[in-house]
Each structure stands twice: as C-alpha cells, then as structure tokens.
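Student: Could you take me through one part of this chain slowly? I would like to see how a single piece sits within the rest.

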Amino acid sequence: MANPIFNYWYFHVPNFVLAALMYTLLGRALLGVMVGPDSSNYIWRFFCRVTDPVIAVVALVTPKAAAPVVLWLFGVVWMFWLRVLLLIAFLALGTAPVPPAG
C-alpha cells in the first residue's frame, strides 16, 4: 500500500508551505519582541528574509498606521485562512485526502 502522503502530494505540499510560512511569521513576531528591527542576528535575518514577501502582500491590505508586529500577526491569520480555503477547495473538488477506512 502506498503512503497517503505521496498519494496526496498536490494537497500536502502547498499546505506544508503555507504552514511553514504561518509558523515562521509567528516566530518572527515572538522574536521581534526580543531583538531590534535592525539586528544582525542571523536567525532574525533568516526570519525576515523568508517572511518579507508575505509581509509585503499583507501590507497592501493593512492600514499603514499598523505597527510591524501587528502586520506580522495579520500575516499569521491570513496564512491560516489560506490553509482553510485550500482544504475547502480540495474538498469541493473531491480531491482532498481521505482517512483510511477501517
């Protein structure tokens, strides 16, 4: 019997990418409390480099007066809802992963 992860790769790969971005944004928000925005810490730079494209998109629909940490947390919420919409879309198309019978 084949591994269900491989059978439904077309669902799991985008879901994984969205989840990784969501948790990286959450990590950036938590780390942002401890380090300055211009820190040279390599972990902080990694979080910024990975999440900056998402933040740029979220900034388009967020008021300019919002603090950066609010923008990061809105990004977490957007990624969560994109994952929910992905599942709903696959369920509507009948191609969502199904639990094994029995």
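In what order do the elements of the chain run from the N terminus on? And could you then look closely at helix H3 (residues 42–60)?

Tutor: Happy to! Keep in mind that this is a predicted model. From the N terminus on, the elements run α-α-α-α, and the secondary structure comes to four helices and zero strands. The radius of gyration of the chain is 17 Å, well over the 13 Å that the globule rule gives for 102 residues, so the chain is more spread out than a compact globule. Its C-alpha trace spans about 50 × 30 × 20 Å along the principal axes.

Now for H3 itself. At its start, a side-chain oxygen of Asn-41 comes to within 2.7 Å of the backbone nitrogen of Ile-43. Further along, H3 has a kink of about 50° at Thr-51, shortly before the proline Pro-53. What about its length? At 1.5 Å a residue, the 19 residues of H3 should span 27 Å, and its end C-alpha atoms are 27 Å apart, which agrees.

Next, see which side chains to look for inside. The buried residues of H3 are Trp-44, Phe-47, Cys-48, Thr-51, Val-54, Ile-55 and Val-58. An α-helix has 3.6 residues a turn, so residues three or four places apart point the same way. Keep that in mind as you read along the list. The cover over the buried residues of H3 includes helix H2 (9–32) and helix H4 (68–93). Across the whole chain, buried residues make up 28% of the 102 residues.

Key:
Residues numbered from 1 in each chain as written. Predicted model: local features only at pLDDT ≥ 70, side-chain atom pairs only at ≥ 80, totals over all residues. Heavy atoms only, no water. Helix = DSSP H or I, 4+ residues; strand = E, 2+ residues; numbered from the N terminus. Expected span 1.5 Å × (residues − 1). Bend = angle between axes of the 7 residues up to and from the residue. Buried < 20%, exposed > 50% of the residue type's maximum accessible area, 1.4 Å probe, protein only. Contact = heavy atoms within 4.5 Å. Polar contact = N/O pair within 3.5 Å; in protein donor to acceptor, adjacent residues only side chain to side chain. Rg over C-alpha atoms; globule rule 2.2 N^0.38 Å.
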